[in-house]
Amino acid sequence: MIKYNLRGKRIEKLVELAQSGLKEALELIIEKYYPMVIKISSKYYAPWAEFEDIVQNGLIGLIKAVFYFDSERSSFNSFAWKSIEGEVQTFITYLNRKKNKILSDSSSIDVFDEEEGGEQADYSLQDKSTNIPKKIFIDIIKEIIVKHLKDVEIDIFEMWLDGYSYAEIQEELNVNFKKVDNTIQKAKRIGRTKIDRFIIEQVFNN
């Protein structure tokens with residue numbers, strides 16, 4: 001019933017409602033813009049990737065567009081197109097660089113709530129989830145956090161997300177334990193303060 005009542009609203013209003021946390025608005029935007037995702041994805045080809053993988057990354061771009069859209073700067077149509085195409089291009093570039101090594105995403109529910117100090121060895125953002133919307137929101141979370149990290153901090157954070165232990169990160173990046181731990185704690189603080197609760201709930205409660 002809620003989604004039915006939303007169908008007559010302008011896209012900018014749907015985006016506003018989605019940004020405020022209305023799940024049905026986000027679902028309706030995805031439904032309306034799925035043909036655009038398919039159209040853009042069809043322009044690209046990678047011999048080592050399934051078309052569905054390209055489409056999935058297009059959906060990531062669409063959902064990012066919803067949460068990053070500013071109506072004072074552009075129309076949603078053009079913003080969504082650029083975001084979808086940019087995400088697909090980034091994915092293809094990543095495949096060109098990494099070939100068959102595709103980044104895995106997912107999350108531990110406690111990732112932003114651990115006490116600071118010392119390594120909590122067995123949690124990370126990796127659980128082989130096949131829940132596409134969940135993967136998309138995790139990608140948004142990661143992108144927001146990385147914007148607030150510098151140089152080797154980004155490498156530390158990304159290795160941690162991939163499931164590497166503190167000891168492995170130390171050895172690979174030639175940094176000490178304190179640097180690794182400080183970076184992970186910093187990333188958690190950013191997650192708690194910079195990321196909308198709605199986005200986090202889409203990861204942890206679904």
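Helices (H or I, at least four residues) and strands (E, at least two) are DSSP runs, numbered from the N terminus. With that in hand, I looked up N57 and placed it in helix α4 (residues 51-68).

**Ground rules.** I am working on a predicted model, where local features need pLDDT of at least 70, side-chain atom pairs count only at pLDDT 80 or more, and totals for chains, interfaces and linings use all residues. I number residues from 1 along each chain as its sequence is written, and side-chain values use heavy atoms, with hydrogens and water left out.

**Whole chain.** I found 10 helices and 0 strands, in the order α-α-α-α-α-α-α-α-α-α.

Is N57 buried or exposed? I read a relative accessible area of 11%, so N57 is buried. Leaving out residues up to four places away in sequence, N57 touches E87, V88 and F91.

**The annotated stretch.** The UniProt record, an unreviewed entry, marks residues 53-66 as "domain: RNA polymerase sigma-70"; such annotations may be inferred rather than shown by experiment. In the model I see that span as 100% helix and 0% strand, with its end C-alpha atoms 20 Å apart.

**α2 on α4.** Helix α2 (residues 11-19) packs on α4 at about 85°, their axes 8 Å apart. Axes here are lines fitted to C-alpha atoms, for helices over the stretch in contact, and angles run from 0 to 180 degrees between N-to-C directions. I therefore log α2 as roughly perpendicular to α4 (65 to 115 degrees; under 35 is roughly parallel, over 145 roughly antiparallel, the rest oblique). V15, A18 and Q19 of α2 meet V66, F67 and Y68 of α4. By class I get 5 nonpolar, 1 polar and no charged residues.

**α7 on α9.** Helix α7 (residues 152-161) and helix α9 (residues 177-194) cross at roughly 80°, with axes that come within 9 Å. I note α7 as roughly perpendicular to α9 too. The α7 side includes F157 and W160, and the α9 side includes V180 and I184. I sorted this contact into 7 nonpolar, 1 polar and 4 charged residues.

**α3.** Where is the kink in helix α3 (residues 23-41)? I found it at Y33, about 50°, shortly before the proline P35. Y33 is one of the buried residues of α3, as are M36 and V37.

Methods: Bend = angle between axes of the 7 residues up to and from the residue. Buried < 20%, exposed > 50% of the residue type's maximum accessible area, 1.4 Å probe, protein only. Contact = heavy atoms within 4.5 Å. Nonpolar A, V, L, I, M, F, W, Y, C, P; charged D, E, K, R; others polar.
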